[in-house]
Amino acid sequence: MRSYRMFLAASGLANLADGVATVAWLWVATLLTRDAALIALVPVALRLPWALFALPAGIVADRMDRRRLIVAMDGLRAAGFGAAAIALWLAAPLPPAPDSGVTSLPLFVALCLSALIVGVAEVFRDNAAQSYLPALVPSEGLERANARLWLVESVGNALVGPALGAAALGLMLALPFAGNALAYALAGLIIAGIAGGPASPRAAAERNWRRELAEGWVFLRGSPLLRMLAVATGFWNMFDSMVMFALVLLAQEKLGLPAGQYGLVLAAAAVGGIVSGLIGDRVVRAMGAVRLMRVALFSGAPCFAAMAVAPGPVTVGLALGMAWFWGLTWNIVSVSTRQRLVPDAIRGRVNSLYRLMAWGMMPVGSALAGLVIGLAEAPLGRIAALEASLWLAAAGTLILTLLVWRPLGTYLPQALLQK
């Protein structure tokens with residue numbers, strides 16, 4: 001299991017950087033403009049690559065040595081964050097953000113381009129990593145291995161990373177971006193040290209991208225469970241992106257939180273993810289996969305609604321923590337099921353199609369939140385417009401739960417018989 005431990009350590013570093021970025025990207029965007037539509041361009045640039053590059057990423061993951069692909073993409077993410085750090089360092093200090101327009105168009109463009117580079121690298125890297133994991137652990141250990149990954153993700157991405165990123169922003173705007181460049185570079189070096197693994201899951205003579213993509217699509221089309229999980233996860237991610245976009249502005253304008261305190265709110269949310277990583281696989285066994293996934297999906301509605309009416313940061317942190325617990329527990333079942341059902345030779349392509357539907361909805365959520373806030377601000381006022389995004393996300397999640405409640409009970413037990 002030495003290779004898995006190295007993989008876990010690299011994931012820890014990468015997720016620590018992801019947690020820093022959770023605060024850094026949006027917070028810096030709000031220092032350049034207060035226009036919600038313009039602020040939304042940064043998370044859209046970060047997530048748009050999931051819609052544009054998910055399919056090529058799957059083909060590449062089935063052609064290349066997945067370990068080397070992960071290393072290369074961690075290097076590209078390091079370069080993207082390094083470029084953003086240099087741009088911010090050259091532009092400092094920043095003047096006050098205007099209500100419309102941006103304080104510095106070159107800096108704003110540089111920030112969006114850096115986010116786009118990081119997003120492209122993340123698509124290829126994450127697809128390769130999920131396809132690579134089953135080569136490191138036995139099939140019966142996938143739930144436990146994924147649970148440990150979610151634990152590491154929660155500690156880095158939501159507990160330590162946001163607080164560290166907020167503290168770094170208080171010292172120097174470029175600092176969290178420079179730190180992330182170093183973290184991704186180190187993560188890539190750790191993965192490079194893992195021994196073994198196939199040079200390419202697919203022989204060069206067999207390569208034809210149309211046929212390869214069709215093979216992945218035929219498999220996904222023939223699995224109603226995987227299709228349903230992809231669509232459900234996609235819409236949940238869309239609603240979650242709406243919430244996280246509006247939450248940054250609510251923290252600043254309704255709750256009056258500086259960057260450091262907002263980082264602590266996100267860190268408090270990590271408690272739910274940590275608990276999921278520690279006991280999630282046992283919760284799955286105790287509740288059963290079907291009941292757990294129904295509860296996990298439903299949980300988004302009350303959690304998002306609670307954030308809309310939260311009187312202070314403690315309530316927001318508690319609601320985020322609950323959402324993280326059930327969201328990551330959902331992932332333990334859905335990701336392990338997909339890794340187990342999909343043959344290794346086509347795993348990258350099926351993952352890419354799945355994640356196109358599941359992750360490609362994130363930029364839609366950010367853009368939709370910016371649109372909702374812009375349209376609702378005049379008739380409702382600024383704060384009510386920000387809260388409207390959360391209420392819309394809560395209602396959408398409730399409708400989604402009702403739509404997939406019965407199909408979960410039909411298709412998931414059939415898949416578990418193939419375990």
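This report describes the fold, cores, helices and selected residues of a predicted model.

## Overall architecture

The secondary structure of the chain consists of 15 helices and 0 strands. Its radius of gyration is 21 Å, close to the 22 Å that the globule rule gives for 419 residues, so the chain is as compact as a globular protein of that length. The C-alpha trace spans about 55 × 45 × 40 Å along its principal axes.

Of the 419 residues, 57% count as buried. The accessible surface of the chain amounts to about 16300 Å², and carbon and sulfur atoms account for 70% of that surface. Contacts between residues at least 6 apart in sequence were also examined; 89% of them join residues at least 24 apart.

## Nonpolar cores

The largest nonpolar core holds 107 residues, of which Trp25, Phe177, Phe245, Met307 and Leu320 touch the most other members. Helix H8 (residues 224-253) supplies the largest share of this core, with 19 residues. Another core, of 28 residues, lies apart from it and includes Ala57, Leu69, Ile70 and Ala129.

Not counting residues up to four places away in sequence, Phe177 touches Ala24, Trp25, Val28, Phe81, Gly82, Ala84, Ala85, Leu88 and Leu111. Trp25, one of these partners, is itself named among the core residues that touch the most other members.

## Phe124 and helix H4

Phe124 lies in helix H4 (residues 105-132). Its relative accessibility is 13%, and because buried means under 20%, Phe124 counts as buried. Leaving aside neighbours within four places in sequence, Phe124 is in contact with Phe53, Pro56, Ala57, Val60, Leu69 and Met73.

Leu69 is 55 residues away from Phe124 along the chain, and the C-alpha atoms of the two are separated by 7.6 Å.

## The loop between H3 and H4

Pro93 is found in the loop between helix H3 (66-91) and H4. A cis peptide bond joins Ala92 to Pro93, with omega at about -5°.

Thr103 lies in the loop between H3 and H4 as well. At 24% relative accessibility, Thr103 counts as partly exposed. Not counting residues up to four places away in sequence, its contacts are Leu31, Leu32, Pro95, Pro96, Ala97 and Pro98. The C-alpha atoms of Thr103 and Ile191, which are 88 residues apart along the chain, are separated by 40 Å.

## Ala163 in helix H5

Ala163 belongs to helix H5 (residues 142-171). With a relative accessibility of 24%, Ala163 counts as partly exposed. Once neighbours within four places in sequence are left aside, Ala163 is in contact with Gly263 and Leu264. Ala163 and Gly260 are 97 residues apart in sequence, and their C-alpha atoms are 6.5 Å apart in space.

Helix H10 (residues 289-298) is mostly covered, with 7 of its 10 residues buried. These are Ala289, Val290, Leu292, Met293, Arg294, Ala296 and Leu297.

In helix H11 (residues 300-309), 7 of the 10 residues are buried, so this helix is largely enclosed by the rest of the structure. The buried residues of H11 are Gly300, Ala301, Cys303, Phe304, Ala305, Met307 and Ala308.

## Helix H14

Helix H14 (residues 362-380) has 19 residues and reaches 26 Å from its first C-alpha to its last, close to the 27 Å expected at 1.5 Å a residue. Its buried residues are Met362, Pro363, Gly365, Ser366, Ala369, Gly370, Val372, Ile373 and Ala376. Just after H14, Gly381 takes a positive phi of about 95°.

## Cysteines

A disulfide is a covalent bond between the sulfur atoms of two cysteines. With a cut-off of 2.5 Å between cysteine sulfur atoms, the count comes to 0 disulfides. Cys112 is buried, with a relative accessible area of 15%. Cys303, at 5% relative accessibility, also counts as buried.

Terms used. Residues are numbered from 1 along each chain as its sequence is written. This is a predicted model: local features need pLDDT of at least 70, side-chain atom pairs count only at pLDDT 80 or more; totals for chains, interfaces and linings use all residues. Side-chain values use heavy atoms; hydrogens and water are left out. Helices (H or I, at least four residues) and strands (E, at least two) are DSSP runs, numbered from the N terminus. The expected span of a helix is 1.5 Å times one less than its number of residues. Buried means under 20% relative accessible area, exposed over 50%, partly exposed in between (1.4 Å probe, protein chains only). A nonpolar core is a set of buried Ala, Val, Leu, Ile, Met, Phe, Trp, Tyr and Cys residues joined through side-chain atoms within 4.5 Å. Contact means heavy atoms within 4.5 Å. The radius of gyration is taken over C-alpha atoms; the globule rule is 2.2 Å times the number of residues to the power 0.38. Accessible areas come from the Shrake-Rupley method with a 1.4 Å probe; for residues, only the protein chains shown count as cover.
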